[in-house]
Amino acid sequence: MAQVQRMSRLMIKTLRDDPADAETLNHKLLVRAGYVRRTAAGIWTWLPLGKKVLENITRVVREEMDAIGGQEVLLPALLPKESYDASGRYDEYGDLLFRLKDRKGAEYLLGPTHEEIFTQVVKDQITSYKDLPVILYQIQTKYRDEARPRAGVLRGREFQMKDSYSFDTTDEGLIEAYQLHRAAYIRIFERLGLDHRIVSAVSGAMGGSASEEFLAPAPAGEDTFVDCPACDYAANTEAVTFKATPVDGSAHGPVEELDTPDTPTIETLAAHLGIPASATLKNLLVKVDGEIVAVGVPGDREVDLGKLGEHLAPAVVELVTGEDFVGRPDLVRGYVGPQGLEKVRYIADPRIAPGTAWVTGANKPDTHAKNVVCGRDFEVDDYLDVVVVEAGDPCPKCGTGLKLDRAIEIGHIFQLGRKFADAFQLDVLGQNGKPVRVTMGSYGIGVSRAVAALAEQTADEQGLCWPREIAPADVHLVAAGKALQTELALEVAEKLGSAGVRVLVDDRAGVSPGVKFTDAELIGVPKILVAGRRSAEGVLELKDRRTGEREELTVDEAIARLT
Ligand code: ATP
Ligand code: MG
Ligand code: MG
Ligand code: MG
């Protein structure tokens, strides 16, 4: 017997107006339809309907993780500082970490991700190669003090993540675990009904080597990715790479350091560029006082170019050559890690004429330089891979013009290798009796973010519109009329429930049919069944939420259709 949920007893308050601070579709609709409620910036309460959707997603994730042999565990969110000191990430994470002390002054953090603790658990639990490989996972609350919590549950400061970790003795084993996860993620996102692309990614604070992201294309997304229409190449723009070649710098003058201009605000930058200050400033190239000082600023209000990292960690700095940089492909950019600008490595674009590349001063804030020559002023190995961000730029694999799109990062898989195992000396006894260093992978899915991503991809002007497996109910039964219709609707609801259909029945007294229909559209259950005028004769109307198609059916037909 599936659950019959009565609207008259459900804690739900739908809103006609968008919340004042909401910019994205999912944020507006999830709040208006009564799925979530803001508790503080980036901190959300899941109301009954929202909790159901979250649970449905969790169930799919859990089933597919179990299917690849994952063992579910639950680690704490409150973690000792020492573990993150051992990996270096207590400092590396910078402002992203929520840090706290207990009554005795001992230091803790709220876990942003759990590589360290999982490594320690395995070190404690597993001593022999015979007990490997192993995949451990949890579905748990994560904490990150994001610089810009936004778009509702899309970027929370507290959020739900499925994180798993693989442990192997061999590189082949790691690759196998990675492929298992990749396949499981494809199944998960297919079941969730999330349109997604798998793209090459940079591994950021994780370190490690191979890494791919699962991106859900949506205008509200904060990631940009390129996709080749001719081959299988697809990558986050952060990870589009070219190999630069050293050039003969003898004909070029020395490196010139430039004065860093005064702290410009978004308004001054925007004025220089002739664009609205409200424009999305990611990937923006900036020119100040006639000098090109390009920065990618994800929307922050004030930017100190020299201290970019402090404000924007992690952010992207972009640098260009030439005068007219808007829309130019010949830009180069570097990654600013959580620590700020000192993380930026020398960068240059092989397509830029030698002597004209602009670089930022590594380990030297407030410095920009020009006339830097690749191979003369810095080592090829020293600089970061070069990035293409323009649509139409040549595909690094086949040369075809790339397509560029925005997307939401819904999953990320990494081959970590031995970075964390080294930090914690995670060894097991090998076949020959000698210790073997373990190699690891880590794999994340944004479970709460997936709710937002699904809403972004499936909603329309009327409201949310969930795929059946994820919806809070299979059918939304509207009692559209007086007490008689309500009574009939409740009877139908019972029958549907006994047949295993999850029913949300709108049995509210004193609410007009018009309001009930509007709410049904807003709430987004995939089928809407109406007990209206003809219900006394045993005739109901079934409406498809997505297509709007309607048909009249008897109660038995409706049950047959919905089971
Ligand atoms: P982003 O680039 O969006 O900040 P991330 O690369 O920092 O995400 P990971 O460390 O790769 O995130 O974490 C794994 C997954 O957790 C991400 O792919 C994403 O789906 C989810 N996630 C990360 N940060 C948040 C957040 N602040 N709110 C909700 N989900 C998040
Ligand atoms: Mg992040
Ligand atoms: Mg990311
Ligand atoms: Mg990521």
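Around ligand 1 stand 15 residues, and F159, H412, G444, G446 and R449 come nearest. A residue counts as near a molecule or strand when its C-beta atom, placed from the backbone, lies within 6 Å of it. The elements that give two or more residues to this shell are strand 9 (158-168), strand 22 (403-417), strand 25 (439-446) and helix 10 (447-458). Helices (H or I, at least four residues) and strands (E, at least two) are DSSP runs, numbered from the N terminus. Strand 22 gives the largest share of the shell, four residues. By class, the shell around ligand 1 has three nonpolar, seven polar and five charged residues. Here Ala, Val, Leu, Ile, Met, Phe, Trp, Tyr, Cys and Pro count as nonpolar, Asp, Glu, Lys and Arg as charged, and the others, Gly among them, as polar.

The model is predicted: local features need pLDDT of at least 70, side-chain atom pairs count only at pLDDT 80 or more, and totals for chains, interfaces and linings use all residues. Residues are numbered from 1 along each chain as its sequence is written, while chains are lettered from A and ligands numbered from 1 in the order in which they are written.

Now the whole chain. Its secondary structure comes to 13 helices and 30 strands. Of its 563 residues, 45% count as buried. A residue is buried if 20 or more other C-beta atoms lie within 10 Å of its own, exposed if 12 or fewer, and partly exposed in between, with C-beta atoms placed from the backbone. Consider the contacts in the chain with a separation of 6 or more: residues 24 or more positions apart account for 68% of them. Two residues are in contact if their C-beta atoms, placed from the backbone, lie within 7 Å.

Start with helix 1. Eight of the eight residues of helix 1 (residues 25-32) are buried, so this helix is largely enclosed by the rest of the structure. The buried residues are L25, N26, H27, K28, L29, L30, V31 and R32. They pack against strand 2 (36-40), helix 2, helix 10 and helix 12 (513-523). Just after helix 1, G34 takes a positive phi of about 75 degrees.

Helix 2 (residues 48-67) has 20 residues. From its first C-alpha to its last it reaches 28 Å, close to the 28 Å expected at 1.5 Å a residue. The expected span is 1.5 Å times one less than the number of residues. Buried residues of helix 2 include L49, V53, L54, I57, V60 and M65, along with the charged K52 and E64. R59 is also found in helix 2. R59 counts as partly exposed because it has 14 C-beta neighbours inside 10 Å. R59 and D544 are 485 residues apart along the chain, and their C-alpha atoms are separated by 25 Å. Just after helix 2, G69 takes a positive phi of about 85 degrees.

Next come two loops. A106 is found in the loop between strand 6 (98-101) and strand 7 (107-110). A106 counts as exposed because it has 11 C-beta neighbours inside 10 Å. A106 and V122 are 16 residues apart in sequence and 25 Å apart in space, C-alpha to C-alpha. P133 lies in the loop between helix 5 (115-125) and strand 8 (134-143). The peptide bond from L132 to P133 is cis, with omega near 0 degrees.

Most residues other than glycine have a negative phi, and most peptide bonds are trans. Q425 has a positive phi, near 45 degrees, and is a residue other than glycine. Q425 lies in the loop between helix 9 (419-423) and strand 23 (427-429). With 12 other C-beta atoms within 10 Å, Q425 is exposed.

R187 is found in helix 6 (residues 171-192). It has 14 C-beta neighbours inside 10 Å, so R187 counts as partly exposed.

Finish with a helix pair. The axes of helix 11 (residues 483-498) and helix 13 (residues 555-562) come within 10 Å and cross at roughly 40 degrees. Axes are lines fitted to C-alpha atoms, for helices over the stretch in contact, and angles run from 0 to 180 degrees between N-to-C directions. V492, K495 and L496 of helix 11 meet V555, I559 and L562 of helix 13. By class, this contact has five nonpolar, no polar and one charged residues.
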